[in-house]
Amino acid sequence: MNPNSDLFEYLKQKASWVRKETLKIHKIAQETRIASSLSAVEIFVTLYYGKIINFKPTDLRWENRDRLIISKGHGAISFYPMLADLGYFDKEELGRVGQEGSFLGCIPDCIIPGFETTNGALGHGLGVACGISLALKRKGRGEKVFVILGDGELFEGSIWEAVMFAGEHRLDNLIVIIDHNKVCMLDYCRNVIDLGPLDDKFRVFRWKVETVDGHDVYALYNALVMLRGDKEDKPRVLIAHTIKGKGIPRLETDPLSHVKSLKAEEIDAILAELK
Amino acid sequence: MKNEIRTMRDVFIEGIYNRMHKDSTLFFISADFGSPKLDMLREEFKDRFINVGIAEQNLINISTGLALEGFTVYAYAIAPFLTMRAYEQIRVNLSLHAQLKEVNVNLIGVGAGLSYDVSGPTHHCLEDITIMRSLPNMTLFSPSDWKLTEKFVDYSIRMKKPKYLRLDGKPLPQIYDSIEDSEFQNGFKELVKGEKICLVSTGYMSHKALRVANLVNEHQIRVGVIDLFMLKPLNEELFSESISLYDYVITLEEAFINKGGLDSLVASVIDRKNAKVRLKRMGFEDAYVFDMGSREHLHKLNHLDEKSIIKNIEEWT
C-alpha cells in the first residue's frame, strides 16, 4: 500500500487528535501518566482506526471480537479519547476523568467499556492473554489476542513465565506489541537492567519477532497486517521503538518523564502550538 | 463405609475427572504438582490438562484467561506457594475481576497447616486463612474430611466465583456420612452437642476436637464440637445462634492465631452478634516452626496437643 494513501493520512490525523485529547485529560487529571500514554498513541490508533482489530462498541461481549489486553495500564490514557470516539462511551466522559462519579480512572479498570481486564499492577497481562489465547484455540475460534506491554514491565518475572508458556504452546493467535520507550519510572531501562537484545530473547523462546518504528503508522500497519496474517505456528511480538512523552520535547529527553506532570498553562501552550 | 481413610485431593480430582467426561468446559492446570489420581486425568484429557511448570504466578494468570472465556478452571499446587507466591495474581485477576465478571477459578491448595510436617516452614501453611479471607469475592473452603471435599466438586462447578480449597495433604478418616446441601451451604456443622463449652475447629483440627470431646466425655464433661469448613461465605446468623448456646468457645486451627484466621472470624461473629460467649484461641503463636518431627510432636511443642486443649477446657469447668 502507498505510504501516502488516504488511510495513512487518516491515521496520522487521528494520532494527532488523540495526542491533543490525551493532553486535555491530563490537564484535568494530573495523576494520569502522560509520558507513558503518549508513547503508545500510534499503536492504539493503528490497531483500531487501521481496523487491524475486530471490535464492536455496541456489544462488549461480541463473540467475534479480538481481545486486547493492555498490560501497561498506566500508559492507556490515550486509549480513552479513542474509545469515546469509537462509540464505547459518551465523549463528555473525557472531561470527568478521575472525578467523582466518573468511571474513567487515572489508571484504567475493566469497569470501562472497551477494557477486557484490569492492569494497574504490572506483569499480569501477558499471562492472562495466554490463557485467553489457549481458550480460543481449544474452542477452535479464529479471534486474535493482542497485548500491549511496556518495556519497564519486562522486569517482572511473571512476564517471562508467560513468554516461555506461549512459545511452548505455540499460541499463534497471540500478538504482543511492546511499547519500547526505553524509560521505566526512575531511569532509562538500560541503566536499570539492560533489556537488549530484546528480539533475541523472544526468539530463543520460540516467538516470531518483528521490529518497527512505533510512531510510523505506515510501518506499524504493515507489520501488524503481516503478523496477523502470518501462518507460522508461533506467538508473535512486535517490538515498537517509541519515545516516552512523544510530542513533548521536555518529556522526550527526561529519564524521569514517567512521574512528570505538565502544568495547565504548559498544556494550553502546547495545544495552541499544535493547532 | 464410615471411617474409610482417604486423601482429600484424590477424592476431589477423581470427582473432577468424572465430570470432565461429560462437561467439556472443565480445565485442569497444575504447577508441576501431582497425585496418583491426577495421572489418569492428565493422560485422558491431554487437551484440557496443562502443566505450566513450577510457575505459580503463571498458573493463576493462565487460569484467569481461560475462565474469562467461560471455562471452569482448577488450578492445582502446594498450598503455601499457590496462595503466597501468586497472591497478587489472585488479588488482581481473580478477586478483583470477580466483582465485575464471572471468573470460575478453583484454587486447589494441598498442604494445609502442618500437613507437610517434616518439610519445614517453607512448606507449612499457617498464613493462608488470614490472607485468603481478606480478599473480597473469594470463597474459602477448609474441609475436615474427604466426604466434604467430594461435596465441593459440584459446588465448584455451580458457584461461578473464585474459590480457595485448603486441602490437607495427609490421608484422613471420614467424619461425615453425608451432608445435606442446605447444611453444606451453612458452612459449618455441629458434630457434637455439648454443654457450656464448645470447640470450633477447621480442617485437620476437627479430628482432634472430636478426639478431645470423646476423652473428656469419659470424665462427664460434655463439650460441643463445631466443624467450620466454609470460612467464607459462612451463615453467620446461624453460626452465631449455635455458639450462643454455649458459655465458652475454644477455636482450634493449624494456623497463626490473633491475626485474622478462624479465631478472628469467630471473634468477629461474637462481637457483631453481641453474643455472650467467652473465647479462647488455640493455634500457632507468632513464629515459624523449625522443629522436626511428626505433626503430633509439633502440636505438642506448640501447645496444640490433646492435653493442652483439655487443660484449657478444665480451666473453664
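**Exercise 1. Placing A:Asp90**

In which loop of chain A does A:Asp90 lie? Find its place, then decide whether A:Asp90 is buried or exposed.

*Solution.* The model is a predicted one.

Step 1. A:Asp90 sits in the loop that runs between α4 and α5 (125-138) of chain A.

Step 2. Within 10 Å of A:Asp90 there are 9 other C-beta atoms. A residue counts as exposed at 12 or fewer, so A:Asp90 is exposed.

Step 3. For a distance across the chain, take A:Tyr10, which is 80 residues from A:Asp90 along the chain. The C-alpha atoms of A:Asp90 and A:Tyr10 are 22 Å apart.

**Exercise 2. The overall form of chain A**

Describe the make-up of chain A and judge how compact it is.

*Solution.* 

Step 1. Chain A contains 11 helices and 5 strands.

Step 2. Along the principal axes, the C-alpha atoms of chain A fill a box of roughly 50 × 45 × 40 Å.

Step 3. Of the 275 residues in chain A, 51% are buried.

Step 4. Take the contacts in chain A with a separation of 6 or more: 75% of them join residues 24 or more positions apart.

**Exercise 3. Two helix pairs in chain A**

Work out how α3(A) is oriented against α1(A) and against α4(A).

*Solution.* Two packed helices are described by the angle between their axes and the distance between the axes.

Step 1. Helix α1 (residues 6-28) of chain A packs on helix α3 (residues 41-49) of chain A at about 130°, and their axes are 9 Å apart. α1(A) and α3(A) are therefore oblique to each other. Their crossing is right-handed.

Step 2. On the α1(A) side, the contact is made by A:Tyr10, A:Leu11, A:Lys14, A:Ala15, A:Val18 and A:Arg19. On the α3(A) side, A:Val41, A:Glu42, A:Val45, A:Thr46 and A:Tyr49 take part. Sorted by class, the residues in this contact are 7 nonpolar, 1 polar and 3 charged.

Step 3. For α3(A) and α4(A), the angle is about 20° and the axes are 10 Å apart. Angles under 35 degrees count as roughly parallel, so α3(A) is roughly parallel to α4(A). The crossing of α3(A) and α4(A) is right-handed.

Step 4. From α3(A), A:Phe44, A:Val45 and A:Tyr48 meet A:Phe79, A:Met82 and A:Leu86 of α4(A). By class, this contact has 6 nonpolar, no polar and no charged residues.

**Exercise 4. The cover of α4(A)**

How many residues of helix α4 (residues 79-86) of chain A are buried, and what do they pack against?

*Solution.* 

Step 1. In α4(A), 6 of its 8 residues are buried, and the helix is mostly covered.

Step 2. The buried residues are A:Phe79, A:Tyr80, A:Pro81, A:Met82, A:Leu83 and A:Ala84.

Step 3. These buried residues pack against α1, α3 and β1 (67-70) of chain A.

Step 4. After α4(A) comes A:Gly87, which has a positive phi, near 100°.

**Exercise 5. Chain B and its contact with chain A**

Describe chain B, then say which helix supplies the largest share of the side of chain B that touches chain A.

*Solution.* 

Step 1. Chain B has 13 helices and 12 strands. Its radius of gyration is 19 Å, close to the 20 Å that the globule rule gives for 317 residues, so chain B is as compact as a globular protein of that length.

Step 2. Buried residues are 52% of the 317 residues in chain B.

Step 3. The contact between the chains takes 21 residues from chain B and 19 residues from chain A. In chain B, α3 (56-68) and α5 (87-96) each supply at least two residues of the side that touches chain A. The largest share, 9 residues, comes from α3(B).

Step 4. By class, the side of chain B that touches chain A has 9 nonpolar, 9 polar and 3 charged residues.

**Exercise 6. The setting of B:Glu306**

In which helix is B:Glu306 found, and which residues is B:Glu306 in contact with, leaving aside its neighbours within four places in sequence?

*Solution.* 

Step 1. B:Glu306 is found in helix α13 (residues 306-315) of chain B.

Step 2. With 17 other C-beta atoms within 10 Å, B:Glu306 is partly exposed.

Step 3. Leaving aside neighbours within four places in sequence, B:Glu306 is in contact with B:Lys208, B:Arg211, B:Val212 and B:Leu215.

Definitions and conventions: Residues numbered from 1 in each chain as written. Chains lettered and ligands numbered in written order. Predicted model: local features only at pLDDT ≥ 70, side-chain atom pairs only at ≥ 80, totals over all residues. Helix = DSSP H or I, 4+ residues; strand = E, 2+ residues; numbered from the N terminus. Rg over C-alpha atoms; globule rule 2.2 N^0.38 Å. Buried ≥ 20, exposed ≤ 12 C-beta atoms within 10 Å, placed from the backbone. Contact = placed C-beta atoms within 7 Å. Axes fitted to C-alpha atoms, helices over the stretch in contact; angles between N-to-C directions. Parallel < 35°, antiparallel > 145°, perpendicular 65-115°, else oblique. Left-handed = near helix turned anticlockwise from the far one by under 90°. Nonpolar A, V, L, I, M, F, W, Y, C, P; charged D, E, K, R; others polar.
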